[in-house]
Amino acid sequence: MLILGLETSCDDTAAAVLRLEYPAESVAEGEEPCPEVSILANLVQSQTEVHNPYGGVVPELASRRHLENIHPVAATALARAGVELERIDLLAVTQGPGLVGSLLVGLNFAKALSLVSGIPCVGVDHIAGHLASAFLSRPRPSFPYLALTVSGGHSSIFVVESPTRFTLQGQTRDDAAGEAFDKVAKLLHLGYPGGPAVSRLAAQGDPQAFAFPRARLGESFDFSFSGLKTAVANQVHRLTSWSEQAKADICASFQEAVVEILVAKTLAAARHFSCRQVVLSGGVAANPRLRQELVAAAAGAGDMEVFLPEPDFCTDNAAMIAMAGFFNRHRAGRLLAMDVYSRFGAAPAYP
Ligand code: KG4
Ligand code: ZN
């Protein structure tokens with residue numbers, strides 16, 4: 001089966017072509033066989049230079065840039081994969097959550113492509129896409145497992161029971177982890193996106209230089225990063241020297257506070273829900289310190305196994321959307337516009 005995945009939920013225009021083949025070995029009756037996955041093309045057209053001067057994504061500029069990029073990016077992905085559009089069996093496109101203008105560009109492109117080509121199309125939840133990134137490489141986790149999804153818009157803990165069934169067990173009460181990284185980068189004039197810049201600078205800094213607060217929130221698996229962000233802002237305003245070392249120390253101390261909380265809550269949740277496997281996903285999962293600390297803490301906990309998608313599959317990409325589209329292929333062909341409307345208010349009444 002060949003799938004063309006499309007992702008335009010924020011500021012990256014992405015397209016990927018996946019080939020999925022069932023393994024020869026038989027599987028138990030009623031069990032979904034896990035296919036062999038070949039990633040034939042995985043393109044991400046970034047808009048960093050558009051949004052960098054503003055220190056964050058400007059939604060109107062993002063959707064305009066998606067309009068320019070979506071066709072060439074999809075065509076290039078097919079060309080690199082060496083696959084004609086006619087051979088594609090399924091179109092998978094992000095239907096939400098995300099910026100509504102950006103989402104509509106990808107959705108309408110996919111719907112038009114589906115209409116003219118007759119290829120069925122399935123709308124995919126962006127977070128389900130991040131969760132599906134664990135299936136793009138081997139080894140793969142087995143169900144049920146615990147997932148931490150940390151991105152620019154989400155910081156959530158899920159118990160994942162199957163590729164399409166996952167239950168939210170904790171989430172941020174204010175800022176997402178990636179959003180906190182981006183805001184700290186803005187305070188220090190490090191540009192957008194902030195996560196990679198903060199983590200690069202943090203590598204030169206002292207993580208103990210500043211004792212930033214950790215919001216533990218009792219036994220809850222929720223997160224809160226707004227107090228930490230305010231503490232960093234106050235520290236930045238108190239700085240007498242704006243040296244590279246001072247900035248690196250702030251980045252390292254901030255990153256340490258985020259990583260410590262993410263790792264502690266994830267492992268506590270894994271223990272609580274009796275999950276022996278933990279999967280990291282979302283853009284912040286590309287953070288080297290988080291990856292390293294989660295692996296170290298899991299090793300210290302004994303029989304806990306950690307699965308880390310490659311960094312390119314952690315940040316927004318269309319390969320994960322194609323993979324999630326595969327898991328949701330039975331829904332292909334639905335009127336996707338309704339799904340988008342229902343996320344942003346009442347759907348218009350159709351006759
Ligand atoms: O999943 P993603 O690409 O887009 C959303 O769904 O939001 O995540 C983007 C977020 C941004 O906030 C970015 O700063 C953060 O992930 N990020 C990182 C790193 N790479 C990306 N945060 C910390 N360290 C990184 N290395
Ligand atoms: Zn994302």
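**Around ligand 1**

Tutor: In this predicted model, the space taken by ligand 1 is the largest pocket.

Student: What makes Gly-195 a polar contact of ligand 1?

Tutor: The cut-off is 3.5 Å between N or O atoms. A polar backbone atom of Gly-195 sits 2.9 Å from an oxygen atom of the ligand, so the pair counts as a polar contact.

Student: And what about His-126 and Gly-283, how do you know that they qualify?

Tutor: Same test. For His-126 a polar side-chain atom is 3.1 Å from a ligand oxygen, and for Gly-283 a polar backbone atom is 3.0 Å from one. Both values are within 3.5 Å, so both pairs pass. As for cover, ligand 1 taken alone exposes 550 Å², and the protein buries 89% of that.

Student: Which residues come nearest to ligand 1?

Tutor: Of the 20 residues around it, those are Gly-152, Asp-182, Gly-195, Asn-287 and Asp-316.

Student: Which helices supply at least two residues each?

Tutor: H4 (126–132), H5 (177–187) and H6 (194–202). The largest share, four residues, comes from H6.

Conventions
Residues are numbered from 1 along each chain as its sequence is written. Chains are lettered from A and ligands numbered from 1 in the order in which they are written. This is a predicted model: local features need pLDDT of at least 70, side-chain atom pairs count only at pLDDT 80 or more; totals for chains, interfaces and linings use all residues. Side-chain values use heavy atoms; hydrogens and water are left out. A residue is near a molecule or strand if one of its heavy atoms lies within 4 Å of it. A polar contact is a pair of N or O atoms within 3.5 Å; within protein, one must be able to donate a hydrogen and the other to accept it, and residues adjacent in sequence count only if both atoms are side-chain atoms. Accessible areas come from the Shrake-Rupley method with a 1.4 Å probe; for residues, only the protein chains shown count as cover. On a 1 Å grid over the protein atoms alone, a cavity is a set of points where a 1.4 Å probe fits but cannot get out, and a pocket is an open set with protein on both sides within 12 Å along at least five of seven lines; lining residues have an atom within 4 Å of a point. A molecule sits in a cavity or pocket if more than half of its atoms lie within 2 Å of its grid points.
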